[in-house]
Structures are given as C-alpha cells and as structure tokens.
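Subject: Structure handover

Hello,

Here is the structure I promised to pass on. Please open it alongside this email and follow along.

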Amino acid sequence: MNDMTTLPVTDVPTLEMQGVTFIHRGQRLLGPLDLQLRGCRRTLVMGPNGAGKSLLMRLAHGLLKPTAGRIHWEGSAPRQAMVFQRPVLLRRSALANLTYALAVTGTPLAQRRPLAREALKRFGLAALETRPARVLSGGEQQRLTLARAWLLKPEVLFLDEPTSALDPAAIKAVEDAVQEFHAHGTRILMSSHDLHQARRLADEVLFLNRGCLVEHSDARSFFTAPASREARAFIQGELVL
Amino acid sequence: MSTDAGAFMTALTLILGLDPYLLDIVALSLRVSLSAVALAALMGLPLGAALALWRFPGHAALVVALNALMGLPPVVAGLCVYLLLSRAGPLGELGLLFTPAAMVVAQVVLVMPIIAALARQQVQELHQEYHEQLASLGLSRLRMIPTLLWDARLGLVTVILAGFGRASAEVGAVMIVGGNIDGVTRVMTTAIVLETSKGNLPLALGLGIVLLGLVALINAAAYLMGEMARRRQG
C-alpha cells in the first residue's frame with residue numbers, strides 16, 4: 001500500500017498507530033486502525049462525512065485519547081500545531097492573538113511583537129494588526145490561525161477541513177500557506193472532502209470510510225487507480241454508503 | 001406640602017450641601033462594600049473557573065451548594081460571622097467584631113458564592129469554545145484559567161456588579177457584625193433603618209437617594225463599557 005521510496009524523507013518523526021480504536025457511548029467511531037506516517041509529506045485525509053477524519057487527526061494530535069491501541073511518535077514527539085475548521089480566536093486584537101501564542105511557548109517578551117508583526121505580514125494581515133480578531137472575515141480569521149500556527153514553528157501541522165467554509169480566494173490563500181509550511185519542512189496532515197483540493201496538495205492520501213482506514217496510498221495512484229471500491233465510488237462522485 | 005415632600009427637599013439639601021455626617025456614612029459604605037467585592041472576586045473568579053474546568057467526586061454537590069448560597073439570607077451570614085468573631089468564638093482573639101473589617105468578612109461570605117457561581121457558567125461556556133485550541137497550544141488547565149477569565153471579561157464585569165449590588169443593598173449582615181456604631185460601623189443601609197425608626201425621615205431619605213444613585217451610576221457605567229467593548233469586539 002505504501003510506496004514512498006521516491007519521495008524525500010526528512011527527519012520529521014514517524015507517527016505510528018497500532019490498533020487505535022475510539023469508542024464513544026458504546027459506539028465504535030474509529031478503528032481498529034493501524035497506520036504509519038513517515039517523512040515530511042503532505043497527507044490528505046479523505047472520506048465522506050462521519051468517516052472519522054477529524055477524529056483521526058485529533059487522536060494523532062493528542063487532543064483525544066484512544067479507547068484502545070497505541071499512538072506513538074518515533075523518538076520524541078514533534079512540535080505540533082492544529083488549524084480547525086472553525087477558527088478559534090481569542091477576544092483580543094489580531095496582534096494580541098499572536099503574541100499570546102508566543103507567550104505560551106515561552107518566547108521572551110521583547111521578541112513577541114516583532115515576531116508577531118512579521119507573521120501578520122507574511123499572511124497578508126499587516127493592515128489588520130489592531131483589529132479585534134473576531135470581527136475579521138472568515139478568510140482573514142483562518143489566515144490569522146495559520147499565522148499563529150506559523151509562529152509555533154511546527155514540525156507537524158494538522159488542518160481539519162480548514163477551507164470548508166471559505167470562498168475561492170480565501171481557499172487559495174490557505175492552500176498557499178499549506179505549501180509554504182511544507183516548503184519550510186513541516187509535515188502536513190490535512191482533512192478535506194474536496195477532491196480538487198486533494199489533487200492540488202496531496203503527496204499521499206488516507207481514505208477513511210465508516211471509521212475504517214480503507215486505503216493509504218500515494219496520491220497519484222489513489223486518484224488514477226484507487227484500490228478499493230469505496231474510494232473508486234468516492235472519486236467518481238458517487239455517494240459512498 | 002406634605003411631610004414626605006418636605007423630607008425629600010431636606011434630603012436634597014443634605015446631599016447637595018455635602019453634609020459631612022452623610023458623607024462619612026457614604027464613604028464607609030463604599031469602603032466596606034468595594035473591599036468585600038474585591039476580595040470576593042479575587043477568590044470567587046478563580047474558584048468559579050476551576051469548577052468549570054475540573055470534574056471531581058463531589059463536583060455536582062459543590063456546584064449545587066454554591067448556587068444555593070447565592071440565596072443565603074444576609075442575617076444568617078451575619079449570624080455565622082458573628083459566632084466566628086465573637087469573644088468566645090474561634091476567631092474571637094482577633095477582636096474584629098463591631099469593626100468595618102468584620103463587615104467586610106460578612107459581605108465576602110454573601111458575595112463570593114454569587115461571583116463564583118455566575119463566573120462558573122460564563123467560563124464554562126467559553127471553555128467549550130476554546131478548549132481544543134488551548135489544548136492544542138499545549139496549555140494545562142491551570143494555565144487556561146487566566147486566559148479564560150480575561151476573555152470572559154465582558155460577562156464577568158456584570159457578574160461582579162451583581163455582587164456589588166448584593167453587598168451595597170444588604171443590611172442584615174452588617175447590622176449584626178458591625179453593630180451600627182455611629183462613626184465607626186454605620187453604613188447607609190443600617191443608618192436608613194435607624195433614622196427611619198427614629199423618625200428622622202430626611203436623613204433616611206437622603207441616604208436612600210444616594211444609595212439608589214450610586215447603584216444606578218455604577219450599572220450605567222458598566223452597561224456603557226460593555227456596549228462599547230461588544231461593538232469593538234464583535
């Protein structure tokens with residue numbers, strides 16, 4: 001299933017999941033699932049609603065604990081950040097949202113503002129510095145969460161359907177940001193149900209259906225010759241039931 | 001002119017003439033109630049936030065108890081503090097009974113549950129929105145508390161005001177532990193009770209007007225502050 005020999009493998013730690021299962025109120029929502037994510041790649045998590053995409057990312061990020069099984073980073077756990085479907089921003093100015101994240105990570109006070117301003121500029125938000133974060137447009141808010149993630153210098157970036165509520169221009173901005181993260185050596189794990197987006201971004205695809213990992217393959221082979229019936233149907237735009 | 005209207009005019013004269021006796025009482029009232037609210041907020045806000053963030057055995061009982069204490073009758077609070085501080089009581093050696101300090105303690109007992117219980121609701125709501133993001137940033141629950149309290153500040157101003165309303169309006173607790181001693185522990189509410197019973201309606205009415213005015217002023221300021229902030233924050 002895995003063919004990564006041709007792709008560069010940098011020193012981002014490998015994530016390993018063994019028999020990971022998540023049960024909520026007696027209902028199995030995910031797993032049992034075995035998975036290995038290697039290298040500095042862009043992995044798109046795909047599948048219909050309720051397939052367990054968000055759950056998989058939250059488990060990998062450590063926001064949720066699996067009911068059974070083991071999640072393990074080879075070596076030490078990498079620096080991580082997560083961008084959510086609905087941006088969660090503090091009730092403060094755009095700049096203060098960024099200096100807050102820097103404070104949390106222990107950046108010296110004198111460096112916080114300059115670093116935050118630099119990040120605002122990088123994501124095209126320099127003019128909005130003093131605006132309260134929560135009156136920004138949806139696209140601006142998502143860019144601000146990306147700027148916040150940028151300041152955390154993550155080795156692994158999780159993005160949970162970050163563009164599902166955005167217009168095309170804002171989607172482009174988010175995708176550009178994802179590419180920029182990756183170009184700077186950040187491993188990407190992003191969920192999406194947009195096939196075009198996945199084609200634009202993915203090195204490899206994890207295809208989930210009803211809480212099971214159906215396919216884990218290289219992007220090219222996934223889109224041209226999906227191995228599973230469910231993935232074929234999904235790509236052809238059929239309803240996967 | 002009826003006697004009531006005459007009393008009203010005299011009351012206004014006392015207020016506008018900045019009558020020193022009246023001013024002393026007003027100043028002491030403010031000192032006691034503001035100190036009590038400040039102390040109650042210092043304890044109640046973190047306690048409310050902690051109750052919003054942690055679940056432990058007995059959590060539900062504690063929340064119910066706190067909610068129930070919001071309705072604690074002031075005279076009962078006063079009696080409890082009286083028993084604590086009286087000569088024979090466990091804290092009698094401090095000699096606090098019939099001092100402004102005792103009045104502050106009694107009002108803290110009244111106000112702290114209000115602030116803690118209402119703050120818990122506000123923080124819990126905000127925590128639901130924030131917790132994944134804050135956890136993702138690597139914050140422990142303890143470190144989430146200052147963030148949540150600051151970001152809930154608009155709602156918490158109203159909570160603290162509710163506490164101040166309670167403190168400045170109650171008479172039972174300060175009467176019992178303060179004793180309404182002229183020039184020492186006489187505050188607006190206890191003075192109103194005394195002056196009314198003595199038939200000195202102008203002074204009672206004057207104090208009543210000042211009390212009403214203060215509460216209205218503080219609430220108006222808080223409302224304006226909240227509206228401005230809400231418009232700015234969206």
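Predicted model: local features only at pLDDT ≥ 70, side-chain atom pairs only at ≥ 80, totals over all residues.

Six strands of chain A make an open sheet, and their order is β5-β6-β7-β3-β8-β9. The pairing is mixed. At the edges stand β5 (80–83) and β9 (212–218) of chain A. Each has a single partner strand, so one side of each is left without a neighbour in the sheet. On average, neighbouring strands here are turned by 15° against each other, direction ignored.

One pair is worth a look. Strand β6 (residues 156–160) of chain A runs parallel to strand β7 (residues 187–191) of chain A, and five bridges join them. Within this pairing, Leu159(A) sits opposite Met190(A) of β7(A). As background, strands of a sheet pair through backbone hydrogen bonds, either parallel or antiparallel.

**Two covered helices in chain A**

How many residues of helix α1 (residues 53–61) of chain A are buried? Nine of its nine are, and the helix is mostly covered. The buried residues include Lys53(A), Arg58(A) and His61(A), along with Leu55(A), Leu56(A) and Leu59(A). Just after α1(A) comes Gly62(A), with a positive phi of about 95°.

Helix α2 (94–104) of chain A is also mostly covered, with nine of its 11 residues buried. Among them are Ala94(A), Asn97(A), Thr99(A), Tyr100(A) and Leu102(A). What covers these buried residues? The cover includes α3 (109–122) and α4 (138–151) of chain A. Just after α2(A), Gly106(A) has a positive phi of about 80°.

**A helix pair in chain A**

Helix α4(A) also packs against helix α5 (residues 168–183) of chain A. Their axes are 9 Å apart, at an angle of about 10°. The two helices are therefore roughly parallel to each other.

Which residues meet here? From α4(A) come Gly138(A), Gly139(A), Gln142(A), Arg143(A) and Leu146(A). From α5(A) come Ala169(A), Ala170(A), Ala173(A), Val174(A) and Ala177(A). By class, the contact has six nonpolar, three polar and one charged residues.

**A loop residue in chain A**

Where is Arg38(A) found? This residue lies in the loop between β2 (27–37) and β3 (42–46) of chain A. Arg38(A) counts as partly exposed, because 19 other C-beta atoms lie within 10 Å; a buried residue would need 20 or more. The C-alpha atoms of Arg38(A) and Glu74(A) are 9.8 Å apart, while 36 residues separate the two along the chain.

**Where the chains touch**

Next, the contact between the chains. Chain A brings 13 residues to the contact, and chain B brings 13 residues. On the side of chain A, β5 and α2 each supply at least two residues. By class, this side of chain A has 10 nonpolar, one polar and two charged residues.

**Chain B**

Chain B has 10 helices and zero strands. From the N terminus on, its elements run α-α-α-α-α-α-α-α-α-α. Its C-alpha atoms fill a box of roughly 70 × 50 × 25 Å along the principal axes. Of its 234 residues, 38% count as buried. Take the contacts in chain B between residues at least 6 apart in sequence: 80% of them join residues at least 24 apart.

One helix pair stands for the detail. Helix α4 (residues 74–85) of chain B and helix α5 (residues 100–136) of chain B have axes that come within 9 Å and cross at roughly 130°. These helices are therefore oblique to each other. Their crossing is right-handed.

The residues that meet are these:

- From α4(B): Pro74(B), Ala77(B), Gly78(B), Val81(B) and Leu85(B).
- From α5(B): Ala102(B), Val105(B), Ala106(B), Val109(B) and Leu110(B).

By class, the contact of α4(B) with α5(B) has nine nonpolar, one polar and no charged residues.

Best wishes

Note on methods:
Residues numbered from 1 in each chain as written. Chains lettered and ligands numbered in written order. Pairing = 2+ DSSP bridges. Helix = DSSP H or I, 4+ residues; strand = E, 2+ residues; numbered from the N terminus. Axes fitted to C-alpha atoms, helices over the stretch in contact; angles between N-to-C directions. Parallel < 35°, antiparallel > 145°, perpendicular 65-115°, else oblique. Left-handed = near helix turned anticlockwise from the far one by under 90°. Contact = placed C-beta atoms within 7 Å. Nonpolar A, V, L, I, M, F, W, Y, C, P; charged D, E, K, R; others polar. Buried ≥ 20, exposed ≤ 12 C-beta atoms within 10 Å, placed from the backbone.
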